Amino acid sequence: MTDLPEDEHPRRPLRPLAPVLRARDRGENPDLIERANRIRRHDTIREKLKARAESRLIVLGLFFLAVFGTVGLRMGQLATSVPEEPKMSLFGSTITSARADIVDRKGRVLATNLHTQALYAHPQDMIDIPYAVDQLVEIFPDMDHDRLLARLTQQGRKFVWLRRTLSPEEVQAVHDIGDPGLLFATRDMRLYPNGHLAAHVLGGASFGDEGVRAAEVIGVAGIEKAMDDRLRDPAQVGDPLQLSIDMTIQAAARKVLQGGIDLYEAKGGSSIIMDIHTGEILSLVSLPDFDPNRRPRPLLKGDPSESPLFNRAVLGVYELGSVFKIFAVANALELGLVTPDTRIDTESPLVYGRFKIGDFHNYGPTKTVREVIEVSSNVGTAHIAQMIGPTRQKEFLGKLGFFEPTPVELVEAPTGRPLLPKVWGDLAGMTISFGHGMSSSPMHLAAAYASLLNGGTKVTPTLLKHNGIVPQGERVVSEQTSRQAREMLRLVVTDGTASMGDVPGYYVAGKTGTADKPKPGGGYYKDRNMVTFASIFPYYDPQYVVITTLDEASVFAAGMERRTAGWTVVPVAAELIRRVAPLLDMRPAIEEPAPSGIREARNSN
């Protein structure tokens, strides 16, 4: 064995000297003692490692128990939940197109949302832009060929909107072009399945905030705009907005009114059918109208009333003529100034300063109050207005709602404010008593006739269906005055200017109005007028108010051209009542029943 240097011999670890010496003194083997100590140390280390491993296993077991518990709980929730289409926001968009349906009083859909396709282009991905443009213009004739080509070939342009809504046929036609740069995106649009029907009530909708895959649907006119917050409320999207309109009655009224416009060559017209007790509007027609699916652009110049967008029943304020005479008479009856049999001076003309008020015919020196209404005497009504005085006249018309826009739920309603004279003196009071010098809308007239003739309680027009008892409005006149006014209006139909308005079995009562249209520079046209028939039926227990107007109507009859209401609008209104009364579940009465009293409120379907 080769000797190693002293410092290169392997060294054994030294043991503590004291324990060795003590072991030798006791005659024990120090090596055995060291081995026992080592075993004890290893046992201690092993116990610590074992405890640490057990702790880790417990933690890992608890983790897996929590995971499997969570998975099991979620599976249980999914198993008991109602299946639902998953919703997500495409491309990170927060735009929502949700909008509640609009239905008529019987639940028939008037407006709803429809899934459709939008068309856009990525010019950089298009194979043959000129060919694609040629095909697109053939599919969409309203597209400008040169402008579209310029947009698609513009340097650096990567996105071009082409069409915001497409029909299924148009989608297929674009597919057939076969260009990969023409792309589609699903979105919602507003659909009006009845087209022109109730166009001015619904108004229309358009797109608000837009993204490639979503577009906000917002109301732009009519009840769509007025009730926009309600229709877009996420909490009420699933609950349709129910209107008071009845689409069957609306369709019949529109057809009759259009026939009257064509027959009498009128520029336009309107009709309102309203529940005389609740104020619910069952039909509101304004012609000409439009298709809200393709809402036309507003007129930028000229007369706004020439546009089909113009709502003649609400926005149109006109001097409505002799339909106002019943208000003067009712006012005088309520004040105790006259009775139906009081004789009134009707000698024509009535001279007031440099002004003269005349009648269509000479009715003689005097007429009773009921005869003044029956023959429609301007002079007699003016004398009654003098008895009332301007202050009390204004107060009475104010109670009937003639000084404020009607609160009907249309965004256009606030602009239909009546036009009042700057100075309401004796002369203005006289002319207003027979419907000149003050302009109001047919909707104002409908509300006033309902309030006066339903027993004398105030009625507020509404386009929303009442689903409960309607609270009684404030009293406008006594029941006696209301009844006397109805009886006078019945005489107008049986013996007066509205004889063509009688509908057998329905006992129509009403008043005609023929008002010359004012010239922009002052004065009145002699060959242009607005004719109105304001009516109720049946007069002994009134249920409905019907207001019908025609703009510049005329007919050649009895050897001359006729422009008055009795010859033009009254036959239209009679046909309207004849058509809709059976639709309202009203059977014609063979004999006039005894008056059954006035109901405070009524809710009908």
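**Cavities and a helix pair in a predicted model**

Q: What makes up the lining of the largest cavity, by class?
A: Eight nonpolar, three polar and no charged residues. Ala, Val, Leu, Ile, Met, Phe, Trp, Tyr, Cys and Pro count as nonpolar, Asp, Glu, Lys and Arg as charged, and the others, Gly among them, as polar. The model is predicted: local features need pLDDT of at least 70 and side-chain atom pairs pLDDT 80 or more, while totals for chains, interfaces and linings use all residues. Numbering starts from 1 along each chain as its sequence is written, and side-chain values use heavy atoms, without hydrogens and water.

Q: Which residues line the largest cavity?
A: Among them are Phe324, Phe327, Asn331, Gln393 and Ser433. A lining residue has an atom within 4 Å of a cavity point, that is, a point on a 1 Å grid over the protein atoms alone where a 1.4 Å probe fits but cannot get out. The volume is about 80 Å³, taken as the space filled by probe spheres set on the points.

Q: What does S9 give to the lining of the second largest cavity?
A: Four residues, the most of any element. S9 (281-287) is a strand, a DSSP run (E) of at least two residues; helices (H or I) need at least four.

Q: Why is H9 called roughly antiparallel to H17?
A: H9 (247-263) and H17 (569-583) pack at about 160°. Angles over 145 degrees count as roughly antiparallel, so H9 is roughly antiparallel to H17.

Q: Which residues of H9 and H17 make the contact?
A: They include Ala252, Val256 and Gly260 of H9 and Leu576, Arg579 and Leu583 of H17, contact meaning heavy atoms within 4.5 Å.

Key: Axes are lines fitted to C-alpha atoms, for helices over the stretch in contact, and angles run from 0 to 180 degrees between N-to-C directions. Angles under 35 degrees count as roughly parallel, over 145 as roughly antiparallel, 65 to 115 as roughly perpendicular and the rest as oblique. On a 1 Å grid over the protein atoms alone, a cavity is a set of points where a 1.4 Å probe fits but cannot get out, and a pocket is an open set with protein on both sides within 12 Å along at least five of seven lines; lining residues have an atom within 4 Å of a point.
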